[in-house]
Amino acid sequence: MNNAYLSLGSNIGNRLEHLQQAVELLNEHPSIKVLKVSSVYETEPVGLTEQAKFLNIVVNLETTLEATELLSACQSIENKLGRMRKIRWGPRTVDLDILLYNEEHIQLEHLIIPHIRMQERAFVLVPLVEINSEVKNPITGRLYHEEPAIKEDGVNLWKKIVRIEEFLQ
Ligand code: GSY
C-alpha cells in the first residue's frame with residue numbers, strides 16, 4: 001500500500017463545494033482511501049496575485065495506484081469538476097497536486113515528487129503540518145514544519161475540520 005499527500009485548491013465559484021466534491025471523488029475511487037483531511041484555509045493567491053483568494057486543504061490518502069496512475073486520477077477529477085485554467089498560475093475551479101508519494105523521489109517530465117515548490121508555499125505547508133507535524137522532505141530529511149515559509153502571512157483558518165466525516169457531504 002502506498003501513502004500520499006495531495007494539495008487541493010479552488011478560487012472559482014463555490015470553493016468549498018469544489019474541494020468537497022474532489023475529496024469525495026478521490027474517496028470513491030476503488031483504489032484510493034482518504035485517511036485525513038486538513039482544516040480549510042483561505043489563502044492569498046501566489047504566482048498571479050491579481051485573482052480571487054483560494055481555499056486550500058491537504059489530504060492524506062492510501063492507494064494501490066502507482067504515482068503516475070494517481071496523477072491521472074487527479075487529472076480526471078480536475079476535468080470532471082470542470083477545471084478552467086486558461087492562464088498559467090491563474091484561477092481554477094479545482095487543482096489537485098501530488099505533494100508526496102511514500103518517501104519517493106520521482107523525476108519524470110510531467111511529475112516531480114516531492115512537489116517542486118511545496119517548501120516555499122505556506123498554503124501547502126500549514127495544512128500539511130496540521131495533519132502530520134512529523135512529515136519530512138524525503139530528499140533533505142528536513143521537517144516541513146521547520147521550513148521558514150510556513151510563517152508567511154496570507155494563510156487564514158476558514159473552517160476547522162477535525163474528522164473527515166465533517167468534510168464529506
Ligand atoms: O498550485 C496550486 C494553485 N495555486 C494556488 C493555490 O492553490 N493557492 C494559493 N494561495 N495560490 C495559488 N497559486 C496557484 S498557481
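This is a predicted model: local features need pLDDT of at least 70, side-chain atom pairs count only at pLDDT 80 or more; totals for chains, interfaces and linings use all residues.
Helices here are DSSP runs of H or I with at least four residues, strands are runs of E with at least two, and both are numbered from the N terminus.

Residues are numbered from 1 along each chain as its sequence is written, and side-chain values use heavy atoms, with hydrogens and water left out.

Is Glu 147 buried or exposed? Its relative accessible area is 9%, so Glu 147 is buried; the term means under 20% relative accessible area, with over 50% called exposed and the range in between partly exposed, using a 1.4 Å probe and protein chains only. Setting aside residues up to four places away in sequence, Glu 147 touches Gln 119, Leu 125 and Arg 142, where contact means heavy atoms within 4.5 Å.

I turn now to the ligand. Around the ligand there are 13 residues, and the closest are Thr 43, Glu 44, Val 46, Asn 56 and Arg 121; a residue counts as near if one of its heavy atoms lies within 4 Å. This shell divides into five nonpolar, three polar and five charged residues. Strand S4 (54-63) and strand S5 (95-101) each supply at least two residues of the shell.

For Arg 121, a polar side-chain atom lies 3.1 Å from a ligand oxygen atom. On its own the ligand has 360 Å² of accessible area, and the protein covers 96% of that; such areas come from the Shrake-Rupley method with a 1.4 Å probe.

Finally, the whole chain. It has four helices and eight strands, in the order β-α-β-β-β-α-β-β-β-α-β-α along the sequence. The radius of gyration is 15 Å, close to the 15 Å that the globule rule gives for 169 residues, so the chain is as compact as a globular protein of that length. That radius is taken over C-alpha atoms, and the rule is 2.2 Å times the number of residues to the power 0.38. Buried residues make up 50% of the 169 residues.

Note on methods. A polar contact is a pair of N or O atoms within 3.5 Å; within protein, one must be able to donate a hydrogen and the other to accept it, and residues adjacent in sequence count only if both atoms are side-chain atoms. Ala, Val, Leu, Ile, Met, Phe, Trp, Tyr, Cys and Pro count as nonpolar, Asp, Glu, Lys and Arg as charged, and the others, Gly among them, as polar.
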